[in-house]
Structures are given as C-alpha cells and as structure tokens.
Amino acid sequence: MLSRRQLLWSGAGLCTLGALPRGIARASGTASRKRLIYVYAHGAWDPTYTFDPKLGNPDIHGPEDDPGPREPGEVESMETIHGHRVAVNEVQRPQVLRFFEDWGPQVLSIVGVTIGGIAHYPNRLRLLTGGTDRSKPDLVSILGHHTEVTEPFGAIDLSGWAFHGAYGTTTSRAGANWQLRTLLRPGEEGLGKNLATDPVEDHLVEEYLRRRAQARTVEAPLERWPVDLSDAIDRLEQLRQHRTELATLFDRAPGRADDNLDLAVDLIAGGWARSVLVDSQYYFDTHDNNSDQSGINDNLFGSLGRMLTRMRDLGILDDTLVVVSSEMTRSLQLNRTNGKDHWPLLATLLVGGGTVGGRRLGQTDDRQSPEPVNLVTGALDANGEIPAYNNLYAGILDHLGIDVEAHMPGVVPLGGIGSG
Amino acid sequence: MWIPLLLACQADPPSEVVTDDTSTAPQAVRLDAVARASRVSVALRGERPSPAELEQVADDPAELDDLVDAWLQTDAFGETVRDLHAYHLWMRADTRPQWPNRYELERFTQQEVTHSFQEAPLLFVEHVVRSGAPYTDILTADYTLADEVLSVMEGLPFDPDGPTWQVSHHVDGRPQSGLLSSTGLWQRWYTNNSGKHRNRANMLSRAFLCAEIGAFDMPVFPTVEPTDNAATADALRNDPACVACHQNLDPLAAYFWPYEINIIGITIDRAVEKGCGDPEGNPDHCYPIRYWNASRANLYQAYDLPPPGYYGEPGTDLTDLGRSLVDDPRFASCTVDTAWAYLTQQPVEDFPEDLRTSLIDEFSDGFDYQRLVRSMVLSDAMADATLEPLQMRPEAYSRLLTSLSGATWVESIDYGDVPVPTTSKYGLRDLSGGVDHDAVLTPNFSPSPTMLLSRDAVAQHAAAAAVANRTLVDPRVTDPTVARLQLAEAATRTTGQQVDPHHPLVDELWWLHEQALALTGDPEEAWRITLRALFLDPSTLTY
C-alpha cells in the first residue's frame, strides 16, 4: 500500500500540470483592492427613528408618537452629531446615540434616494443589483468576482439574499442554517456525520476532477463551465485545507445579529472572502406597531457599533467598505394598527473603505419627498436631479473601483462618497 | 498511464456539423444522437437514458421521437413538471414558518405537513399535464387534490381507503378554479392589511403573464400618504406615480378579498387556546382552517378600491379570473417562455424567435403541455452543441443518484424525515445551486466551492448506498478486465454517454480506482471512492 504522502504527490496527471486558467472569466476593469461587507436590514426600516428624523412635523409620525408609558425624564429630540441629523432618545435608543457619537465622523449617511417601487422583493432586487433583472449580479457578487480576488470564497452570502448573476462560480452560499459548517466537519455532527474523514481521499477525488475538467477544456476550449470547475476545485481545496479553522468561525447562531456580523468580519479579516452579504437579523416590516422600530433600530445600531469596533481593532476598516441599507423606508403616518406602510425611498449608511464620513448626502423635505442633488458631487442642488437607486448603486461601484460602465451603462454614479 | 489520458485530451466533442444541400458553409453545430438523447432525457426526467436506449438512438437517431413519447409518460417527467412549476411559483419555501403539526395534525410530522401543503398545487398541475387535459385547466379546473393532511387541514373530502392523493372539492363555498382556489398557493403568497392582496395580484402577473406589474419603476415620486384612505384612493386613480401600476393591480387584487390575508402558526395557537369558539377564539383559525369566507368579497369597498376586473374588463369571481387569464394571449407565450427557460437554462432573450413563435402558435391550439414540451426538447435549439453545458439542478441530480444507487439521502430529525438534497431548511438545496423559493431565487448553474462541497456530500451518500445495495457495481470485483467492464457500464448509466472499457473516461476512473485501492486496501472502499468521483464527474453534473 502506498503511503498517504506518496499518494498525495503521485496523482498529478498530464493534463493538470502547470497552472490552471484561473480568473479567465473574471470581470474586467480597474483593479480593486477594497473589501465589502453589505448589511441588509430586511423589511424596510424607519429612519425617522435614527438618521432622518422629522420630530415636530405633524404630517410625519415618528418616535414622539409612540404609545407610552414613557420613562421619567425621557425626551425625544433631534440633534446634529458629527454632521448627521439624529433622532435622540437616551432611554429608548441609547445605542443609536452612541453609534453616531462614536462613529459619526467616519459614517456617511445618505437619504432621499428613490427606490422605484413599494414592494419588498422588487425593491430588494433594485437595492442589491441596481436594477430589476434578477439575472444580473449584485454588488457583493461583482466585487467577489474581480480579477484581483484571491480569497477562496470570492463573495459569500450568509443571508440567502444574494443575486449572483453570471458570477455563480465566485459566489458561495452558507445555507439557511449555515449547513456549510457541518459539511466542513466530516465525521462529526449533522449532515457531515457520514462523510469521508480522510483528507487524502478528498485529495484523490479533487485530483480526478481536475484531470477531467482539464480534459474537457481541451475537448471544448470555448466552454466556460470546465474552466469554472477547475477554479472551484482549487478554491475548495484551499477551504478544505483549513476546514477546522473555517468551521469554527461558523460556530455561531445564524439567527443572531452579532453572530452574523462577527462572522462577516472574520471572513474578511481571515482572507476567506473579498465580500460578504449578511442579514441584520432584525425584521423591520412594522405594518403593525411601528414603535417596534425604536428597539430594533437601537439593537441594530448597537450591533453595528460593535462590528465597526472589531473591524478597527483588526485593522480592516480602512480598506473595507460597510454598506448598511434596507430595501425602502416607511410611510409618513400611522395606519389603523399603529404601523407604518412602505415608502419608496432609501436611507443608507456607508462607513470605512475610504468613505469620507461626518456628512450626509441628500435630503428629504417635510413631506418626506426627496430633494434634488448634483449627482456628480452629491451636494444638494435645487437645479439638480432626484437621486435614484441606480445612481447610488453606481456610485458605490465607482467608489469600490469597479468599472461602472461595464455594469450600469449610461447611469450617472452618485458622487461625493469618497475623497476623490 | 499517460497514453489514454492524452487521448482523453484530444477526444472529439460529441457533436456534428450540419450543412444544408446548397452550401458547404456550416449552419449549426448539433449534438450527436447519443448526446442529444441524454440531454433530452435529463431535461424531461432528471435521469439518463438506459444503455439500451442509447444504443437505440445511436443506431437510428429518429428513434428519439418514440423515446420522448415514452419518457413523457413516466413519473419522473411528472416530477419535472412539479419542479418546473415550483420554481416558477416559488412554492417550496420550506425555510418559511409553516402551519404547525399540532392539534388535529399531531399524528403527522412537520415535514409531512409542510410537504403536503406546498406540494398540493404542484401535484395538481402535474395531474392536469399528465392527464392530457388542456393546460388551461391549471387555472380553470373545477376540482382540487387532497391527501390526508389536507383533508384535516382544510376539511377537504377524502376517502381514507383511496389513493394517497385524490380528486376533491372545497366545501367552503369558494369557486373552484384550478390553482386560483389553492389555499397552499395563496398562503405562500400571503398579504397584509396594507398590501390588500396586491402581492397575490402581482404574482399572477409575473407567473402567468410574464408581465410583472411590480417590476416597473414608478415614473414619478408619489405625493400621497398611504394611510389617508380617501387621498390614496384618489391618487390610485389620478396620480401618475400610482396609476401606472395600480390601475391593473388593484382590480386583480380585488378577486382575492374572500381569502384570509395570512394565517401563521401563532394565529392557530391562539385560536385553539381560546377554544376555537366565537367570541373567545376564531373557529376559522382552527383546523380545519376556513381560509375562504365569501362575506369578505366586497371589503375592497371599505377602502374605496376598485371592484374585481381584468386589465380594464369588469370581473366577478375566481372562475371568471381564471378564464380571463387563460384567454389572455400572454398566458400562452408566458407558458412557452417559462418552460423553455427552465428546460434549456437559457434566458428568454436567447429564445430563437422563429421557434418561439411556432411553439406559441402550436400551444395556443389546444394548450397541450406535453406536446409543447415534446416539440421543445426535440427542437434543433435543444440540440445546439454550442450551448454551455447545462448543469443538473439539485432535484434532477437527486433523482439521477436515486435511480443509480437505489436510495435517497434522508435525515431523520425532530422535524421529520427530511430529503437532504432537495430541501433548504435542513438540507443542501440552495448550497447545491438550487433555489429556496423564498430568499434564494436564482439558481446557480456554475460550479462554486460550496456547490461542489454540497454535491460531494450528496455524491458520497449515493456512492455508499450504491456499493451497499450493489446497484451499479459489484464491489467485490478486483480483476482489471472485469473491473473496466463494470466501470464502463456504470459510466454509461451515470453520464449518458456510450462508454466502452477502452474509453478515456474508464482510463481515468481506473486510475482513481487503483489509487483508492492503494489508499484503503479494501476493494469495497475503492469502489465507493470511485463512484463518489464518478457522481461528481463533469459529465455527470452536466448534460
């Protein structure tokens, strides 16, 4: 019988000698070294509780209209904190206040951007892909497919919400309950319990697949699938080589916000992924009891502050852009069940990755309608245009160093995000 | 060792150049008869042709027509019909909260309850298609299907001595109009007090007309606050930002007012806790659930919304809506487009226009879905050798491996017996490139690391089962000549190629087998590893 080491090194076939054509099908464009964590706040958040307050406006119901009881000394107010207009209530939303106090100088808040509709799914599609075609890749998938990407996952979707488009080979998924974790632990709990535990066996099978993929690239040189397969095998092998370490990262609760954000940070910091899409795990769809926005926003901003602190401590904040957004906002007034319905605007936070913070772009008026801006500079401009979701999307692409014209032809990127 | 591999690298692709009589210029590159039969078989059934069927088409390519006729009569084709419609209606959303297996449903597992509820509309479509009835019946037929779970859940008449799924009828007074009368479908497409059934109307426009109303961007920003009912009603009629969508959306939504907006598990729990009796607990929310209540039919008036109507034509009830939908020319074209996109994995934009027109014309004459699929899979477009390899969906892959190994990977957990390859909540469906019908809505036809990892897990289970069940190979075989014969047959059945013992694929498998035997010293283990690799082979994963 051969030794395991002999087996590991005896398997290289003729077709697999030399470098496999990695990256052949990758997106072209300016090289981007930035990384991305996209935090999706599912359900339509209400920024009147956070960074687009309308306190005192009788036409717009906000936290001041929440039913009691109130704590003694509890006050709703609007304050400007490091360039942001913030709805402050130190009792109900202390973490929102602390977030803007601590991170306001680095945060760019963007309001008054139209999203084009009032339904969850089409707006999610617009938000994440910049359009209404679900065959197109989203921001996270685009960045994960970039030519410079060497991380084994490329992009990874922890939320299930990703649209990978043509970049499926570089967009990985984790499963609804992060089943990926159990597959990384063969022989142990869950779905992995009956899987092979010998890495040499895995290597043999990978080597076989490499040979077969390479043979196919010779047979059919125009086909992309076998090239993608070779690429995926290489990256799978990298993942398997460190599977214990990787599986440990997933030893968290898929339903908890902090666990999701911690995992996203660790996947970026550890060099596993170039970009991550993560759900905030807070559900903002308050058609009933809109006052729930107070607590869930406070929890989310607490989690965000914690995440940014970790990123800063790990030294990844400067080159990692964090985007936080919901697919739309909420309407002006309370309905019959004290909820608020959908409103076709975006309210978005950007931080890190070269974002120039301490500022707000865009504005909504006292009827919660968007105001025009100069799309090139992002500054308010009465003679400008109402910014739309595709302008914002293109602006983020541009900021990440992605060729905007290749993905959003003819769309003017919203400027003013970075220093450039 | 290296010579066969060189041959593998130089082997011709399984295709042929087709020329016409008047020109020597190539017109198209088509798959050869065997490769074509294999692609068609997987598209229709998720299974490969048998070795005898491959031989049949190799000898006479025209035999494919008869084979397709036979394959259309198989249960596996019925499963494909269900898969296609599940994908299109986003029905198998098992990650969402489900109606609980408590109270009268206690004797069933949650997996059984979820499966029956989600699968009922799909089985109904399969029933229509396989019966040969016009496909328009999916929206107009005056019956439904029920099993034991649905009979308890919805009070549908059911004969316990009859078959598992039986023709039945709702007894709550709802008009019976195919899928439009399905509780499972409309609970999947639930709405809320603010949405007012518009989500359901939008689904109709997307799934049956391929003209999703909600996909259009608002032309201008709205000026109305939605909680102001009078102002909203006025804006929905007069504000250009609203009219563009709502003039069609709201009358379509109005058909659905008798339905419950959404019943969730806690609704049922509360009703039961209160004794299922008015006024303490709403009896409609106890099993059997009363999902339809005709007394709500005119509630749209309370919000000053328009009455039922179909794109400008006044309507009455679900049967009228069903008739309007199937009479709409977009129903036929949408059916053709969605079937083509699913079976070919190509975007509709790439649908050859002449073929599309011809198929729509043919389908519109009698709405014969089997004939439509037959024409589609036998078309030249389906035999196009220049297409990227089509990647097996998780459902088809599971069927293939089940047919080869005699077993499906099922995990028995508290939730029930969960088929791992084809479910998402506790399974590997979306990790394997599939959709979860809720969040993950676009299939991945490219290999990614996580797709390979999850397919490998499925392959490992199937390989172990195939060895244990002796379905594909005799794992005691060690003689090289016999082993190569065995590998050739296994490869033929798995990949749908005609593989003889001297085929390059057998050389590769034999190389692996020898390595595996050297590693383990155990012939059975060596065969298991060999089959694991074969089940992951590019020729297995694609068609």
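Colleague: Let me start with one residue. Is B:W90 buried or exposed?

Modeller: Bear in mind that this is a predicted model. To read burial, look at relative accessibility; under 20% counts as buried. B:W90 has 4% relative accessibility, so it counts as buried.

Colleague: Where in chain B is B:W90 found?

Modeller: In a loop. That loop runs between α5 (75–89) and α6 (110–131) of chain B. The backbone is worth a look too. B:W90 is not a glycine, yet its phi is positive, about 55 degrees.

Colleague: Chain A has A:N289, also not a glycine. What is its phi?

Modeller: Positive, about 55 degrees. A:N289 sits in the loop between β7 (275–279) and α10 of chain A. Its relative accessible area is 40%, so A:N289 is partly exposed.

Colleague: How do I read helix α10 of chain A?

Modeller: Start with the general idea. An α-helix has 3.6 residues a turn, so residues three or four places apart point the same way. Now the case here. Helix α10 of chain A covers residues 292–314, 23 residues in total. From first C-alpha to last it reaches 33 Å, close to the 33 Å expected at 1.5 Å a residue. A:G315 follows α10(A), with a positive phi near 75 degrees.

Colleague: What kind of peptide bond joins B:Y287 and B:P288?

Modeller: Check omega. For B:Y287 and B:P288 it is about -5 degrees, and the bond is cis. B:P288 has its place in the loop between α13 (265–273) and β5 (309–310) of chain B.

Colleague: Now the two chains together. How much area do chain A and chain B bury between them?

Modeller: About 7200 Å², with 61% of it on carbon and sulfur atoms. In chain A, the residues that lose the most area to chain B are A:Y208, A:R211 and A:W225, together 12% of what that side buries. The contact takes 91 residues from chain A and 84 residues from chain B.

Colleague: How many salt bridges and polar contacts are there between the chains?

Modeller: Eight salt bridges link chain A and chain B. One of them pairs B:D217 with A:R126, whose closest N and O atoms are 2.7 Å apart. There are also 35 residue pairs in polar contact.

Colleague: Which element gives the largest share of the chain A side?

Modeller: α6(A), with 15 residues. By type, the residues of chain A that touch chain B divide into 44 nonpolar, 25 polar and 22 charged.

Terms used: Residues numbered from 1 in each chain as written. Chains lettered and ligands numbered in written order. Predicted model: local features only at pLDDT ≥ 70, side-chain atom pairs only at ≥ 80, totals over all residues. Heavy atoms only, no water. Helix = DSSP H or I, 4+ residues; strand = E, 2+ residues; numbered from the N terminus. Expected span 1.5 Å × (residues − 1). Contact = heavy atoms within 4.5 Å. Buried area = accessible area lost by both parts, 1.4 Å probe. Salt bridge = Lys/Arg side-chain N within 4 Å of Asp/Glu carboxyl O. Polar contact = N/O pair within 3.5 Å; in protein donor to acceptor, adjacent residues only side chain to side chain. Nonpolar A, V, L, I, M, F, W, Y, C, P; charged D, E, K, R; others polar. Buried < 20%, exposed > 50% of the residue type's maximum accessible area, 1.4 Å probe, protein only.
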